[in-house]
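Look over the chain below.

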Amino acid sequence: MNYLYHLYIEFLSKYGISELFGNITFYIIPFCIVAIALLIVVLVLVLAERKLLGWLTQRKGPNRVGFWGLLQTIADAFKLLIKENITPVKADKFLYNLAPILVFIPVMTIVGIIPYSSEFTFVDTSTNVILYLILAAFPVLSIFMAGWASNNKYSLIGSARAIAQILSYEVPMAFVVLSVIVLAGSMNLKEIILSQSLTHGALDWFCIPCILGFVIMFICTLAELNRCPFDLPEAESELICGYNTEYSGMRFALFYLSEYALLFVSSIFLSIMFLGGYLSPFGFYISHLIFGDTLFANILIYFEQVFWLISKASIIIFLIIWIRATLPRLASFDLLKFSWAYLLPISIFNLLLVVIFKFTTGGTTCFLS
């Protein structure tokens with residue numbers, strides 16, 4: 001973010017504002033923007049999922065509150081704000097109240113390590129892929145705390161299922177991530193994106209030489225998000241609502257918010273690892289094509305990069321919702337067997353193929369090179 005930093009400091013100096021103020025506010029302002037944008041994204045995602053599920057299952061979906069039902073999620077958010085927060089008498093009150101907070105904090109932290117454009121990244125470390133995997137798996141601790149502290153057998157069973165499910169699918173996901181690291185030669189998300197930017201656009205993306213890994217990663221993401229057909233921790237037909245059964249009001253809203261926020265962030269992570277992240281699929285940016293190498297084009301290109309990243313993530317989100325409307329829920333035994341008996345050996349085989357591909361091609365990811 002050095003380029004944006006210098007532009008911001010130069011803008012403040014024109015109005016006599018000290019550089020110290022710029023150093024303090026430079027990271028606070030983008031974080032607030034992303035946090036507000038994340039809340040808006042969650043509202044849009046909830047509405048989009050309801051609309052798409054209604055369309056895919058031949059139902060109407062939300063259509064009463066506001067034009068075309070567009071204000072339905074806002075009404076739901078307002079309802080959760082004014083509902084009473086009820087704590088069960090025999091619950092562990094400290095852990096019960098701590099769980100919704102801990103499930104939301106890692107998701108907000110993940111937002112800071114995502115490279116939204118070539119200049120718009122909060123935390124750019126050499127190992128932020130590992131940091132993402134740790135933070136993405138951290139909510140399972142909060143889920144366990146919520147199920148245990150609720151003093152409800154259905155909540156406890158839901159949290160136990162969540163732990164078994166996430167631990168099972170984190171292993172093949174780790175092997176797939178390792179295969180991408182082998183292709184890119186780095187554990188930095190921005191460098192992984194740049195390693196997919198040669199001259200052939202979408203043909204340079206890692207989803208081509210590592211298509212098997214992309215499919216495995218997509219399936220493991222569904223399991224990590226507790227999305228259908230891996231939604232056993234929230235199986236309403238047998239567990240009421242799973243680990244968050246005893247929660248109400250804003251504490252329930254935090255679970256709900258973190259679930260959809262993690263859906264959005266995980267889709268972005270998939271886009272970065274396999275679909276070139278914020279890179280254009282054409283091999284060039286439209287901003288430069290239209291406006292040339294001007295200052296306006298150099299600024300507009302950052303917004304174009306965000307557009308490409310969000311567009312790729314939106315396609316993945318659509319596929320996740322489509323699967324929810326299509327596939328039935330797996331049984332608990334079948335879910336664990338599918339991971340250990342099938343995905344794990346296939347992910348190891350995929351890593352072997354990637355290593356052979358990397359060795360034989362000398363690191364070139366595009367077959368046309």
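Buried means under 20% relative accessible area, exposed means over 50%, and partly exposed lies in between, using a 1.4 Å probe and protein chains only. By that scale Asn226 is buried, because its relative accessibility is 7%. This is a predicted model: local features need pLDDT of at least 70, side-chain atom pairs count only at pLDDT 80 or more, and totals for chains, interfaces and linings use all residues. Residues are numbered from 1 along each chain as its sequence is written, and side-chain values use heavy atoms, with hydrogens and water left out.

Start with the overall division. The protein chain splits into domain 1 (1-82) and domain 2 (90-360); these bounds come from an automatic or database domain assignment. Taken over C-alpha atoms, the two domain centres are 20 Å apart. Domain 1 puts 24 residues into the contact and domain 2 puts in 26, where contact means heavy atoms within 4.5 Å.

Next, the interface itself. The size of an interface is often given as the accessible area lost when the parts come together. Here domain 1 and domain 2 bury about 2500 Å² between them, and 83% of that is on carbon and sulfur atoms. Buried area is the accessible area (1.4 Å probe) that two parts lose on being put together, summed over both.

Three residue pairs are in polar contact between domain 1 and domain 2, both residues being at pLDDT 80 or more. A polar contact is a pair of N or O atoms within 3.5 Å; within protein, one must be able to donate a hydrogen and the other to accept it, and residues adjacent in sequence count only if both atoms are side-chain atoms. On the side of domain 1 that touches domain 2, α1 (2-14), α2 (19-56) and α3 (72-82) each supply at least two residues. Helices (H or I, at least four residues) and strands (E, at least two) are DSSP runs, numbered from the N terminus. The largest share of that side, 17 residues, comes from α2. By type, the residues of that side divide into 20 nonpolar, two polar and two charged. Ala, Val, Leu, Ile, Met, Phe, Trp, Tyr, Cys and Pro count as nonpolar, Asp, Glu, Lys and Arg as charged, and the others, Gly among them, as polar.

Now the charged pairs. Side chains of opposite charge can pair when their charged atoms come close. The whole structure holds three salt bridges, each a side-chain nitrogen of Lys or Arg within 4 Å of a carboxyl oxygen of Asp or Glu. Two salt bridges are counted between domain 1 and domain 2.

Which residue does Arg227 meet in a salt bridge? Its partner is Glu49, at 2.3 Å from N to O. Arg227 sits in the loop between α9 and α10 and Glu49 in helix α2, so the pair ties together parts 178 residues apart in sequence. Arg227 is buried at 4% relative accessible area. Glu49 is buried too, at 2%. Glu49 also forms a salt bridge with Arg324, with the closest N and O atoms 2.7 Å apart. That pair links helix α2 to helix α13 (residues 295-326), 275 residues apart. Arg324 is partly exposed, at 39%.

Arg50 forms a salt bridge with Asp76, the closest N and O atoms being 2.6 Å apart. Arg50 lies in helix α2 and Asp76 in helix α3, so this pair ties together parts 26 residues apart in sequence. Arg50 is partly exposed at 30%, whereas Asp76 is buried at 17%. Salt bridges that share partners join Glu49, Arg227 and Arg324 into one network.

Turn to the backbone. Asn226 lies in the loop between α9 and α10. Its phi is near 60 degrees, a positive value in a residue other than glycine. Pro229 lies in the loop between α9 (211-224) and α10 (236-239). A cis peptide bond joins Cys228 and Pro229, with omega about 10 degrees. Gln58, in the loop between α2 and α3, has a phi near 60 degrees, again a positive value in a residue other than glycine. Is Gln58 buried or exposed? Gln58 is exposed, with a relative accessible area of 77%.

Finish in helix α11 (residues 249-274), which holds Met250. Met250 is partly exposed, at 33% relative accessibility. Leaving aside neighbours within four places in sequence, Met250 is in contact with Leu80, Leu81 and Asn85. Ser258 is also placed in helix α11. Ser258 is buried, at 5%. With neighbours within four places in sequence left aside, Ser258 is in contact with Val103, Phe104 and Val107.
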